[in-house]
Amino acid sequence: MLRTYLEELKLTTVDQIASYTNLSNFWASVLQSIIVVFLLLSLAWLVDKSATWLMRTIIPSIIGRTSNKWDDMFLKNRVFAKFAHFFPGLVLVAFYPLIASKTIRDGIESMTEIYFILIFLFFCYSHNQFI
């Protein structure tokens, strides 16, 4: 359902850009894609900052109440704060259908996959004492 809504929104915005700017459909989709990528990257940045803040402030207060030792070790090594860096990639994956230009969408998709790999490697490397 969300995917269908995003597809309709994408087509509507491309049509509106084409009608307001007198651009061809191709250039309207490129312009729409550039705008959407900028907005998605801004949203991903906000999600990253919010999730990291949440993982550094709210989670420790919850974990401090438990009697388990493993979660204290995760907290000490900032596992939760580093895990928060996965959320911006999830935002991009969720909103891929909004990008009208297939070339730009494929490029962003490839960069997001590389981002996930790098974050995973960073996550594992920084916690090599657990492996």
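Where is the place of Ser 19? I found Ser 19 in helix α1, and I take helices as DSSP runs (H or I, at least four residues; strands are E, at least two), numbered from the N terminus.

**Entry 1: ground rules**

I am working with a predicted model, where local features need pLDDT of at least 70 and side-chain atom pairs count only at pLDDT 80 or more, while totals for chains, interfaces and linings use all residues. I number residues from 1 along each chain as its sequence is written, and my side-chain values use heavy atoms, with hydrogens and water left out.

**Entry 2: confidence**

I looked up pLDDT, the predictor's confidence in each residue, from 0 to 100. The chain averages 88, and 96% of the residues score at least 70. Which element of the chain has the lowest mean pLDDT? I noted helix α3 (residues 70-76) with 73, while helix α5 (residues 87-94) has the highest mean, 94.

My cut-offs here are under 20% relative accessible area for buried, over 50% for exposed and partly exposed in between, with a 1.4 Å probe and protein chains only. The side chain of Ser 19 reaches the backbone oxygen of Gln 16 at 3.0 Å. I count this as a polar contact (N or O atoms within 3.5 Å; within protein, one must be able to donate a hydrogen and the other to accept it, and residues adjacent in sequence count only if both atoms are side-chain atoms).

Next I checked Asn 22, in the loop between α1 and α2. Asn 22 is not a glycine, yet its phi is positive, at about 60°. For background, most residues other than glycine have a negative phi. Is Asn 22 buried or exposed? I read a relative accessible area of 69%, so Asn 22 is exposed.

**Entry 3: α1 against α2**

I describe two packed helices by the angle between their axes and the distance between the axes. Helix α1 (residues 2-21) and helix α2 (residues 25-63) have axes that come within 8 Å and cross at roughly 115°. The axes are lines fitted to C-alpha atoms, for helices over the stretch in contact, and angles run from 0 to 180 degrees between N-to-C directions.

On the α1 side I listed Lys 10, Thr 13, Val 14, Asp 15, Ile 17 and Ala 18, which meet Asn 25, Ala 28, Ser 29, Leu 31 and Gln 32 of α2. Contact here means heavy atoms within 4.5 Å. By class, I have five nonpolar, four polar and two charged residues. For the classes, Ala, Val, Leu, Ile, Met, Phe, Trp, Tyr, Cys and Pro count as nonpolar, Asp, Glu, Lys and Arg as charged, and the others, Gly among them, as polar.

**Entry 4: two serines of α2**

Ser 29 is in helix α2 and, at 13% relative accessibility, counts as buried. Not counting residues up to four places away in sequence, Ser 29 touches Val 14, Ala 100 and Ser 101.

Ser 33 also lies in α2, and its 0% relative accessibility makes it buried. Which backbone nitrogen does the side chain of Ser 33 reach? I found that of Ser 101, at 2.7 Å. With residues up to four places away left out, Ser 33 touches Ile 99, Ala 100, Ser 101 and Ile 104.

**Entry 5: α2 against α5**

The axes of α2 and α5 come within 8 Å and cross at roughly 145°, and this crossing is right-handed. From α2, Leu 40, Leu 41, Leu 43, Ala 44, Val 47, Asp 48, Ala 51 and Met 55 meet Phe 87, Pro 88, Val 91 and Leu 92 of α5. I sorted this contact into 11 nonpolar, no polar and one charged.

In α5 I also looked at Ala 94, which is partly exposed at 35% relative accessibility. Ala 94 and Leu 40 are 54 residues apart in sequence and 10 Å apart in space, C-alpha to C-alpha.

**Entry 6: Arg 56**

Last stop: Arg 56, in helix α2, is partly exposed with a relative accessible area of 49%. Leaving aside neighbours within four places in sequence, I see Arg 56 in contact with Arg 78 and Ala 81.

Note on methods: A crossing is left-handed if the near helix is turned anticlockwise from the far one by less than a right angle, and right-handed if clockwise.
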